[in-house]
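Let's take a walk through this protein together, starting with the whole chain and ending with a few individual residues. Keep the viewer open as you read.

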Amino acid sequence: MILQYIKNVYITFSDSGHQHPRVKTGSALAKAGLKKIVLKKVMSSLKRMPTLPPGTKPLDNQVAGHQNADGKIGCLQHDDGTILKPVQYPPKGQREVDFYQEVFGDQGSDDKAVLQLRDLVPKFHGILHSPKESDVRFMKLENLLEDMRHPCVLDIKMGRKTYDPYASQEKIAMETAKFPPAKKIGYQMSGMQTYSPGTGKIQKFDKYFCKDLDEESIVFQGFGKFFSLDGVMQKEVIKDVIERLEEILKWFNKQRTYNFFASSILIVFDGDVSISSSKTSSSSSDLKVADDCCNGDTDSIIENDYSELISKDSEDSKKFSPSESVHPKVQVRMIDFAHVYRIPDEDDNYIFGLKHLIYDLHRLLKS
Ligand SMILES: Nc1ncnc2c1ncn2[C@@H]1O[C@H](COP(=O)(O)OP(=O)(O)OP(=O)(O)O)[C@@H](O)[C@H]1O
Ligand SMILES: [Mg+2]
């Protein structure tokens, strides 16, 4: 199975989780006789990668965070429909494990706010140990993209401050420099993936795209792009997302148990839409963005071309009209709890960002 495909080098995974790099036949790389050298380089970097647990592969559609590279494992998807998130080095990894165990613990907590979190975060299914490396552990979590055919995914990091109370001056400076407008708006985009029903292509926007946004363009270029399918704004999806964000806000307004730093909200909706037979195609050209993203770094745009798959239905896809879509599936959940602390105070850092995010989505809706 081909899972990664970057600049003519792709990696296949066997059932046992072993990784095999291959160079695309007929590519310039192969023609130039560089195949052996490239494969040797890729192999040596793969050798440092821990073995993937059986029945898993790197998570499709991951938009931010640690990925499978440089000897490190990122999020994985399991054949059983869950995802496996590697437990990071201590203390941050264990902090996230403790958080999930507290929320989903067998006995249940006395704290109502803790129990209510079960509906706002991915379901937790326990800890899995790597069969080979004893120090590698995974959190088994609900995959929020399950059952979605063409997930559009957006990771929004919350808070004016994305460093915790124990961060060093160096860490504070680094985090603050990542996206200065966060101080004003209280959130930032970490990465996203969009889908075009017309062409069958997904497009990824990485941290470099997100960094170049400001407090205005994040709304109209960032969210505007994310919530559009071939140029048609999915207003019902935005309304649904706002409602779910308001549920999260309600929880934050009541709870006095935790403060969340550098935590995200993951927004997902299915770009799979019903195909109309009567309307003509809507233009997608105004939303072609590959050129302005990622500072020309082609590694950061990974496009999966599904056009072959839809070519048979090309007549139908020409008639596609996203505005006629049935209301797609939507998921809005809090994720990433490596910097969650028990603090018996209102989490005003998160609340500020959440209110601003809701306000900005209303602005987009009205535009
Ligand atoms: N439950 C989930 N379902 C689907 N996708 C997920 C889920 N959790 C995470 N992801 C994907 O993985 C990405 C990274 O997740 P997360 O933020 O939890 O990890 P991280 O940033 O690498 O972790 P950490 O900050 O703890 O080092 C998200 O942006 C999202 O694309
Ligand atoms: Mg993250």
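Of the contacts in the protein chain with a separation of 6 or more, what percentage do residues 24 or more positions apart account for? The share is 71%. Please keep in mind that this is a predicted model. The protein chain holds 12 helices and 18 strands. Of its 367 residues, 50% count as buried. The chain exposes about 18800 Å², and carbon and sulfur atoms supply 51% of that area.

Now turn to the helices. Two packed helices are described by the angle between their axes and the distance between the axes. On the H8 side you will find Val219, Phe220, Phe223 and Gly224, which meet Leu357, Asp360, Leu361, Arg363 and Leu364 in H12. Sorted by class, this contact of H8 with H12 has six nonpolar, one polar and two charged residues.

H12 has another partner to look at, helix H9, which spans residues 235-254. The axes of H9 and H12 come within 10 Å and cross at roughly 160 degrees. Angles over 145 degrees count as roughly antiparallel, and H9 is therefore roughly antiparallel to H12. The crossing of these two helices is left-handed. From H9, the residues that make the contact include Ile238, Val241, Ile242, Leu245, Ile248, Leu249 and Phe252. H12 contributes, among others, Tyr350, Ile351, Leu354, Ile358, Leu361 and Leu365. By class, the contact of H9 with H12 divides into 15 nonpolar, two polar and four charged residues.

Next, some backbone details in the loops. The peptide bond from proline 90 to proline 91 is cis, with omega near 5 degrees. Proline 91 sits in the loop between strand E6 (82-86) and helix H3 (92-104).

Which value of phi does aspartate 230 have? Its phi is near 50 degrees, a positive value in a residue other than glycine. Aspartate 230 belongs to the loop between strand E12 (228-229) and strand E13 (232-233). With a relative accessibility of 8%, aspartate 230 counts as buried, because the cut-off for buried is under 20%. Alanine 262 also has a positive phi, about 55 degrees, although it is not a glycine. You can find alanine 262 in the loop between strand E14 (258-260) and strand E15 (264-270). Its relative accessible area is 9%, so alanine 262 is buried.

Finally, is arginine 333 buried or exposed? This residue lies in strand E17, residues 330-335, and its relative accessible area of 8% makes it buried. Leaving aside neighbours within four places in sequence, arginine 333 is in contact with Asp119, Leu120, Val121, Pro122, Lys123, Glu142, Leu144, Ser264, Ile265 and Leu266. Isoleucine 267 is 66 residues away from arginine 333 in sequence, yet the two are 6.8 Å apart in space, C-alpha to C-alpha.

Methods
Residues are numbered from 1 along each chain as its sequence is written. Chains are lettered from A and ligands numbered from 1 in the order in which they are written. This is a predicted model: local features need pLDDT of at least 70, side-chain atom pairs count only at pLDDT 80 or more; totals for chains, interfaces and linings use all residues. Side-chain values use heavy atoms; hydrogens and water are left out. Contact means heavy atoms within 4.5 Å. Helices (H or I, at least four residues) and strands (E, at least two) are DSSP runs, numbered from the N terminus. Ala, Val, Leu, Ile, Met, Phe, Trp, Tyr, Cys and Pro count as nonpolar, Asp, Glu, Lys and Arg as charged, and the others, Gly among them, as polar. Axes are lines fitted to C-alpha atoms, for helices over the stretch in contact, and angles run from 0 to 180 degrees between N-to-C directions. Angles under 35 degrees count as roughly parallel, over 145 as roughly antiparallel, 65 to 115 as roughly perpendicular and the rest as oblique. A crossing is left-handed if the near helix is turned anticlockwise from the far one by less than a right angle, and right-handed if clockwise. Buried means under 20% relative accessible area, exposed over 50%, partly exposed in between (1.4 Å probe, protein chains only). Accessible areas come from the Shrake-Rupley method with a 1.4 Å probe; for residues, only the protein chains shown count as cover.
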